[in-house]
Amino acid sequence: MTSTGADTRIDPRLVLLLAAACGLAVANLYYAQPLLHTIAEDFGTSSGTAGLVVTLSQVGYAVGLALIVPVGDLLDRRRLVPAILVGTAVATVAAALAPGIAVLIAVAAFIGLGSVAAQLLVPLAAELASEEERGGVVGRVMSGLLLGILLARTVAGLVAGVAGWRAVYWTAAVVATGLAIVLARALPADGPRPSRSYGDLLRSTARLFVSEPVLRRRAVFGAFGFAAFSVFWTTVAFELSGPRYGYGDSVIGLFGLVGAAGALCAGFAGRLADRGRANISTVAFAGSIMVSFLPLWWGRTSIVWLVVGIVVLDVGVQGLQVTNQSVIYGLPVARSGVNSVYMVCYFSGGALGSAVAAGLYDSGGWSSICLLGAGLGALVTVGALPGLRPTPVTR
């Protein structure tokens, strides 16, 4: 299951494997979200403190994106990715055995660090794809990654409902180990890697943010979009388990299925980018993020409106993400470095969003969460509007 480069089409079986692997790897970041109220009750702590489990996992992920993902331009990813997954398995075992909330929060950072395996595979798919199919391939791989994000909540809720929240992490350890074995056998070997030092690699990656204005602009869009996403998903478990709804882990986890529409639109977003419509799709998806928080606000008393808001939010966030990545992977620079810069910004935004939201929910309730999310969506929408202006014709 290999591709010989940009002049041949990538094997569809390899695309499917990469999509599944991305979803399973990144799911580790999201297992805790529907369980935060249960974890808080088990350790006798506040929602704000429990929310740090999500925040630290995203911080760890951002650190891994900065320090590990650029190594994909230096080392053979067929060996690097399985090694990272083995480390993730060890971290999830530690989470399952955590004796207190402080230990769980600390371990969450290492789980996030290991989950960057997914972000080594996305640029690999872009690299193996031909020029004319790159957006579609990235969209399909991202569909797998996004399904992993969304279904992680559902799986976590169902497993925790039957066997407790610790069983979720035991399951994650088994999955990470199995995935490491499969990828060690199935991934194509990378070609010759450049001879350069790790320090030089990190410096050149950091310079990309300064030297590539398209990358910088798309990274900022992604950061605000994912911050809005995290604001909602970090706090919704507290709202759904509260007095208005009183749902348990299993039911809360099922709300991840509602957001599957976001993953289904990923391929469509990639095809729009392939057709040169990235700017208009950016405004449309960013506007969806902003608008989604109105039905989410109504959702404080109506489950129907809550479901509608989740669908619109996830379509907006995931469509914006695929559009951004389709654009930046077309830049004539090292793709692992580009992906590292973009995703560091992306998950830094998510970590900040979840950290602010966890404390804000305690003090301001659901209305304050919706105002914050809508404001973040509005910032992206306004920032993307100049891209719709026609380019002046020069003579």
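Tutor: Buried here means under 20% relative accessible area, with exposed over 50% and partly exposed in between (1.4 Å probe, protein chains only), and helices are DSSP runs of H or I with at least four residues, numbered from the N terminus, as strands are runs of E with at least two. This is a predicted model, in which local features need pLDDT of at least 70 and side-chain atom pairs count only at pLDDT 80 or more, while totals for chains, interfaces and linings use all residues. Residues are numbered from 1 along each chain as its sequence is written, and side-chain values use heavy atoms, with hydrogens and water left out.

In the loop between α1 (12-26) and α2 lies Q33, which counts as buried at 2% relative accessibility. Its side chain makes a polar contact (a pair of N or O atoms within 3.5 Å; within protein, one must be able to donate a hydrogen and the other to accept it, and residues adjacent in sequence count only if both atoms are side-chain atoms) with the side chain of R153, at 2.8 Å. Taking contact as heavy atoms within 4.5 Å, and leaving aside neighbours within four places in sequence, Q33 touches V54, R153, W233, T234 and A237.

Helix α2 itself, residues 36-43, is mostly covered, with six of its eight residues buried, namely L36, H37, T38, I39, A40 and F43. These buried residues pack against α3 (47-50), α4 (52-67), α6 (101-114), α9 (165-186), α11 (213-241) and α12 (249-258). Just after α2, G44 adopts a positive phi of about 65°.
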